[in-house]
Amino acid sequence: MRASVRSVGRVRVVVAVAAVALICAGGASAESAGWTAVTINTSDTTALACAYIIPSGTEPAGGWPGVILFHGLGQSHTDGEPIGSALAQFGFAALACDARGTGGSGGKFGLGGPRDVQDAQDLYDWFSAQADVSNTQIGAVGLSLGGEEVWNAAVAGVPFKAIVPAITWTSLGTALNPNGVPKTGLVRILAQAVPIANWDPTLAKAEQDLIQGNVTPAVTSAEAARSSRSHLHAITVPTLLLQGRHDFLFDMNQAIAAWKLLAGPKRLYLGDLGHPPAKNPPAEQTDYVEATIGWFIHYLAMGETPNGGVQLAHDPWDGTWSKYKKLPKTTTASVNLPGKSLIQGPHYAFRSARLTGGPHETFGDGSVTVHYSAAKSWTHLVATISIQGSSTVVTEGAAPIKSSAGVVKIPLMNEAVLLPRGKRLRVRLGATSWDDASHLGIPVYSSLPPQGASIKIGSATLKLSFLKRTVSK
C-alpha cells in the first residue's frame with residue numbers, strides 16, 4: 001500500500017506544538033481537539049482508556065497510515081495527544097491509551113511486562129481494523145516506559161512498520177541495578193508513580209526487594225521479562241532511537257547497545273532530552289519531534305529517505321549537532337588519585353583530579369578503581385564524579401564490596417558532558433550519591449550501610465573516555 005501523506009517541508013510551528021509533550025508530562029485529563037475517547041477491551045477483557053484522532057481531508061486508498069503512542073510512567077494517554085495531533089496534520093491517524101493499571105485503564109500495572117506486550121498486539125489489532133486506518137502501515141512511538149513497551153512489542157512480533165523508542169531502557173537490570181547495586185533512590189521514585197495496590201503482585205515483590213537493596217531471584221526474573229536487548233539482533237523494523245546524553249536513569253548505553261545490534265534501518269539521536277539531569281530545552285524538542293514525524297513519513301508513507309547513522313546534539317543546545325556514520329571515535333585518559341581515608345556510615349572520601357589539555361567531552365565507558373581495606377559490614381561503594389566548583393555531576397556508578405580488603409572496579413554511567421579546560425574533577429567515594437546527583441531531590445543511590453559499618457579507602461584510579469574531537473562549547 002502506498003499512502004498519500006501531505007507534502008511538508010520543515011513546518012516548525014506544527015511540530016513545536018507537539019514538542020513539549022514528548023518529554024514533559026502535562027497532566028491533562030480532557031481530550032484534545034479532534035480526539036475521540038474510546039474504551040478498548042483487550043484479549044483478557046481488561047478495559048483500556050484510549051483516544052484516537054483521524055486526519056481531516058480526503059482519505060487515501062487503503063486508509064490513513066497510523067501511529068500508536070505509548071506514554072511514560074506517571075503520564076496518561078492525554079500527554080501523547082499533542083504529538084498525535086501533529087502527526088494528524090501530516091496525514092497520520094494516531095491512537096493513545098492509558099497503560100494497564102494506570103489512569104483510567106483497568107488491570108494491574110506491569111511495567112511493560114508480558115501482559116503489556118499482549119496489550120500492544122491488541123491495540124494494533126483494534127487500530128488496524130478501523131475502516132479509515134491502514135491495516136498494514138502502522139508504527140509506534142514510546143517514551144521512557146512506553147519506549148520499552150515498543151521494544152518488547154517489536155521483539156514479540158507486533159508488525160509495526162517503523163518504531164521510535166525514546167529515553168528508555170533495553171536492559172532493565174543494567175538500568176536499575178547496574179553491577180548488582182540497585183539505584184534505590186530512583187526505584188523509590190518509580191514506585192510512587194503508580195499506587196502499589198495497582199501493581200502486578202510479582203512485580204510489587206521485586207520492587208520492594210530492590211528498594212531494600214537486594215537483587216533477588218524475583219528481581220532478576222522481573223527484569224529479564226522486561227528487557228529486549230538479547231533479542232534485538234533479530235529486529236529489522238526501521239528504528240529511530242532518541243536517547244539522552246546526560247540521563248542518570250537510562251544512560252546512553254541503553255540505546256547505543258541497541259543501535260549496535262539492530263539489523264534493519266536505524267538512526268540514533270543523542271541529545272539533551274530525558275530524565276534528570278537532562279535539561280530538555282524546548283528548542284531542541286522541536287528538532288527531534290520533527291525527526292520522529294519524518295521517520296514515519298518515510299517508512300509509513302513512502303516519503304524522503306531519512307538520515308541514518310548517529311547524531312550527537314551539542315550541549316548546551318545551540319541548534320546544531322554532529323553527524324557520524326558510526327559511533328564517534330573516542331580516546332581514554334587515566335588519573336591516579338593517591339590518598340588514604342577512613343569513612344563511616346554516611347561520610348565520604350574525596351579525591352581531586354586534574355586533566356591535561358581540554359576542553360574534553362566525556363563519551364563512552366569509564367570507571368574508578370579503588371584499593372580498600374578494613375571493610376566492616378560495608379556493602380557497596382558509590383563513586384560520583386563532578387566538576388569542582390560547579391553543581392554539575394558528570395557521572396557516577398557503584399560496585400559491591402565482597403571482602404574485607406581488595407580492589408574494586410566501579411563502572412560509571414555513559415554520559416556525554418563537557419569538561420571545561422583547566423577545571424578539576426572531584427571524585428567522591430561513599431555509600432550514597434552526591435546531593436547534586438539526584439532525581440527530584442532524591443539521590444540515585446540512597447542505601448546507607450548498616451550502623452557501625454566502616455571502610456578504609458586507599459589509592460584510586462579514575463579512567464574516562466572522551467570524544468576525540470570535542471563538539472560542545
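How are α3 and α4 oriented to each other, roughly parallel or roughly perpendicular? The views below answer this and look at other local features.

The model is predicted, so local features need pLDDT of at least 70 and side-chain atom pairs count only at pLDDT 80 or more, while totals for chains, interfaces and linings use all residues. Residues are numbered from 1 along each chain as its sequence is written, and side-chain values use heavy atoms, with hydrogens and water left out.

**View 1. Packing of helix α3 against helix α4.** Helix α3 spans residues 114-128 and helix α4 spans residues 145-156. Helices (H or I, at least four residues) and strands (E, at least two) are DSSP runs, numbered from the N terminus. The two helices pack at about 75°, with axes 9 Å apart. Axes are lines fitted to C-alpha atoms, for helices over the stretch in contact, and angles run from 0 to 180 degrees between N-to-C directions. α3 and α4 are therefore roughly perpendicular (65 to 115 degrees; under 35 is roughly parallel, over 145 roughly antiparallel, the rest oblique). From α3, Asp 116, Val 117 and Ala 120 meet Glu 149, Asn 152, Ala 153 and Ala 156 of α4. Contact means heavy atoms within 4.5 Å. The residues of this contact divide into four nonpolar, one polar and two charged. Ala, Val, Leu, Ile, Met, Phe, Trp, Tyr, Cys and Pro count as nonpolar, Asp, Glu, Lys and Arg as charged, and the others, Gly among them, as polar.

**View 2. The largest cavity and its lining.** The whole structure holds six cavities of 30 Å³ or more. A cavity is a set of points on a 1 Å grid over the protein atoms alone where a 1.4 Å probe fits but cannot get out; lining residues have an atom within 4 Å of a point. The largest cavity has about 160 Å³ of space. Grid points are joined across faces, edges and corners, and a volume is the space filled by probe spheres set on the points. Its lining has 15 residues, with Leu 111, Leu 176, Leu 203, Glu 207 and Leu 210 nearest the centre. By class, the lining has 12 nonpolar, no polar and three charged residues. α5 (172-176), α6 (184-192), α7 (201-211) and α8 (217-225) each supply at least two. The largest share, four residues, comes from α7.

**View 3. Leu 111 and Thr 102 in the loop between β4 and α3.** Leu 111 has phi near 50°, a positive value in a residue other than glycine. Leu 111 is buried, at 13% relative accessible area (buried is under 20%, exposed over 50%, partly exposed in between; 1.4 Å probe, protein chains only). Thr 102 is also buried, at 10%. Leaving aside residues up to four places away in sequence, Thr 102 touches His 71, Phe 109 and Val 194.

**View 4. The enclosed helix α9.** Seven of the 10 residues of α9 (residues 252-261) are buried, so the helix is largely enclosed by the rest of the structure. Among the buried residues are Met 252, Gln 254 and Trp 259. Their cover includes α4, α5, β7 (239-244), β8 and β9 (309-313).

**View 5. Two cis peptide bonds.** The bond from Pro 276 to Pro 277 is cis, with omega near 10°. Pro 277 sits in the loop between β8 (266-271) and α10 (282-301). The bond from Gly 358 to Pro 359 is cis, with omega near 0°. Pro 359 sits in the loop between β13 (349-354) and β14 (360-361).

Key
1 Å grid on protein atoms, 1.4 Å probe; cavity = no way out; pocket = protein on both sides within 12 Å on 5 of 7 lines; lining within 4 Å.
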